[in-house]
Amino acid sequence: MTDDLLKYRSEFPILEETVYLISHSLGAMPRATYERLHDYADKWATRGVRAWAEGWWDMPVTIGNEIARIIGADENTVVMHQNVSICQSLLLSCLLPLKDSKRNKIVFEELNFPSVMYAYEAHARAHGLRIEQVKSDDGITIPTQRMLDAIDEETLLVPMSHVLFKSAFLQDAKAITQRAHEVGAMVVLDTYQSAGTVPFSVKDLNVEFATGGSVKWLCGGPGAGYLYVRPDLIDQLQPKTTGWMAHEHPFAFESEMHYAPNITRFLHGSPAIPALYAAESGYKIINEIGVAAIREKSMRQTQRLIELAEEAGFRVTSPKDPAQRGGTITVWDDHAAEITKELIRREFIVDYRPGAGVRISPHFYTKDEELVLVVAEMKKIRDNGEYASEKAGAAF
Ligand SMILES: Cc1ncc(COP(=O)(O)O)c(C=O)c1O
């Protein structure tokens, strides 16, 4: 069977040097990113301050429009920020202080990304919010019914992960959003681990907000987080985490705030322009291929990885049902942490998370034979006890 997506391999320099199976953490850098960063420096060097008017100022929205295509949003409903953590706090700043002290509950899964939990817990202490963490029985999945039962008339917001970072469990965002809407609650969907590997549309899901970043499946590198706001809410919200870029007339330098009547009201101060230049090449490739084609290949390769790992006597901890998982397979062994370190030393780039094991992620650029190679290497390390020494560098 020919794999058309392998033609993109030559666009990613690191694939020539390593077996790169870590796109759930840091996607490979596209070769074109060298040029884009050069373009950035060139623009600054030759156009100086005129660069702002020649594209820089609008980049949080123009680059956001590239993300909008990936997550199924309308144009001009996504803005770029540094990361998910700041986007969550920015959203909370729109909702606090509470208008209705009875609607003060925040519901999310206990396997949420820690940064998100920290942001809500810090605000809860200061603003009288109650947090209900929905428990997992196995440290891998969250029963959807338990999420639905936790969301009630007192729930303000459900800031949930679409795909859980540790186990790649894919939550039923549609059912959870429907439940939230039945009782008048809103949803912030963290699409970091789904965008670029699982097709979805924030419009179909009808979530109020979505946020994610570019470090992983989007191959866009750090510093390019994004925030989607449902169009009907844009001019109803007034972020308190704000700044001059959110003003209707930023260059009037008025002393009073008048929020822009569009998505730029969710900006604050000067944007991280180099990060936006760096991120663009990844989005272009993802949009060119299309997430549906990426998912089709991912389903096939993750299934193959499960078979290979089980044949080699490893226990797969991520969900076996492809409809319930994102793009990652997690493989358990009592020495999973040491196996991971040794794999990295041998140029098989994966990582380890406590409770889940070795995280392995094929992406559109992965060859089938690399799946065979990584599992064979893991088996060799385990069977021969060839674990990395304590002194080996720590995996990230
Ligand atoms: C689901 C999820 N959310 C958020 C983050 C990261 O958050 P931030 O962009 O604030 O670094 C990660 C990254 O590891 C993640 O997997």
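Thr 340 is found in helix α12. I also checked Thr 340 against Phe 251: they are 89 residues apart in sequence, and their C-alpha atoms are 52 Å apart in space.

Ground rules for this notebook. I am working from a predicted model, where local features need pLDDT of at least 70, side-chain atom pairs count only at pLDDT 80 or more, and totals for chains, interfaces and linings use all residues. I number residues from 1 along each chain as its sequence is written. Helices (H or I, at least four residues) and strands (E, at least two) are DSSP runs, numbered from the N terminus.

**Helix α12 on α13**

I stayed with α12. Helix α12 (residues 336-345) packs with helix α13 (residues 368-384) at an angle of about 120 degrees, the axes being 10 Å apart. Axes here are lines fitted to C-alpha atoms, for helices over the stretch in contact, and angles run from 0 to 180 degrees between N-to-C directions. α12 and α13 are therefore oblique to each other. I use under 35 degrees for roughly parallel, over 145 for roughly antiparallel, 65 to 115 for roughly perpendicular, and oblique for the rest. The crossing of α12 and α13 is right-handed. By my convention, a crossing is left-handed if the near helix is turned anticlockwise from the far one by less than a right angle, and right-handed if clockwise.

Which residues of α12 and α13 make the contact? From α12 I noted Ile 339, Glu 342 and Leu 343, and from α13 Glu 377, Met 378, Ile 381 and Arg 382. Two residues are in contact if their C-beta atoms, placed from the backbone, lie within 7 Å. This α12 with α13 contact divides into four nonpolar, no polar and three charged residues. For the classes, Ala, Val, Leu, Ile, Met, Phe, Trp, Tyr, Cys and Pro are nonpolar, Asp, Glu, Lys and Arg are charged, and the others, Gly among them, are polar.

**Helix α10 and its partners**

Next I looked at α10. Helix α10 (residues 273-289) and α1 pack at about 150 degrees, with axes 8 Å apart. That angle makes α1 roughly antiparallel to α10. The crossing of α1 and α10 is right-handed. On the α1 side I listed Ala 32, Thr 33, Arg 36, Leu 37, Asp 39 and Tyr 40, which meet Ile 273, Pro 274, Tyr 277, Ala 278, Glu 280 and Ser 281 in α10. The tally for α1 with α10 is seven nonpolar, two polar and three charged.

Helix α3 (residues 59-71) comes in too: the axes of α3 and α10 come within 10 Å and cross at roughly 25 degrees. α3 and α10 are therefore roughly parallel to each other. Their crossing, α3 with α10, is left-handed. Among the residues that meet here are Ile 63 and Ile 67 in α3 and Leu 276 and Tyr 283 in α10. I counted nine nonpolar, one polar and three charged residues in the contact of α3 with α10.

**Loops**

Ile 22 lies in the loop between β1 (19-20) and α1 (32-47). Ile 22 is buried, since 24 other C-beta atoms lie within 10 Å. Leaving aside neighbours within four places in sequence, I found Ile 22 in contact with Ile 349, Val 350, Asp 351 and Ser 361. The C-alpha atoms of Ile 22 and Arg 359 are separated by 7.5 Å, though the two residues are 337 apart along the chain.

Leu 96 and Pro 97 are joined by a cis peptide bond, with omega about -5 degrees. Pro 97 lies in the loop between α4 (84-95) and β3 (105-109). Cys 219, not a glycine, has a positive phi of about 55 degrees. Cys 219 sits in the loop between β7 (209-212) and β8 (225-229), and is buried, with 28 other C-beta atoms within 10 Å. Glu 347 also has a positive phi, near 70 degrees. I placed Glu 347 in the loop between α12 and β11 (348-349), where Glu 347 is exposed, with 12 other C-beta atoms within 10 Å.

Key
A residue is buried if 20 or more other C-beta atoms lie within 10 Å of its own, exposed if 12 or fewer, and partly exposed in between; C-beta atoms are placed from the backbone.
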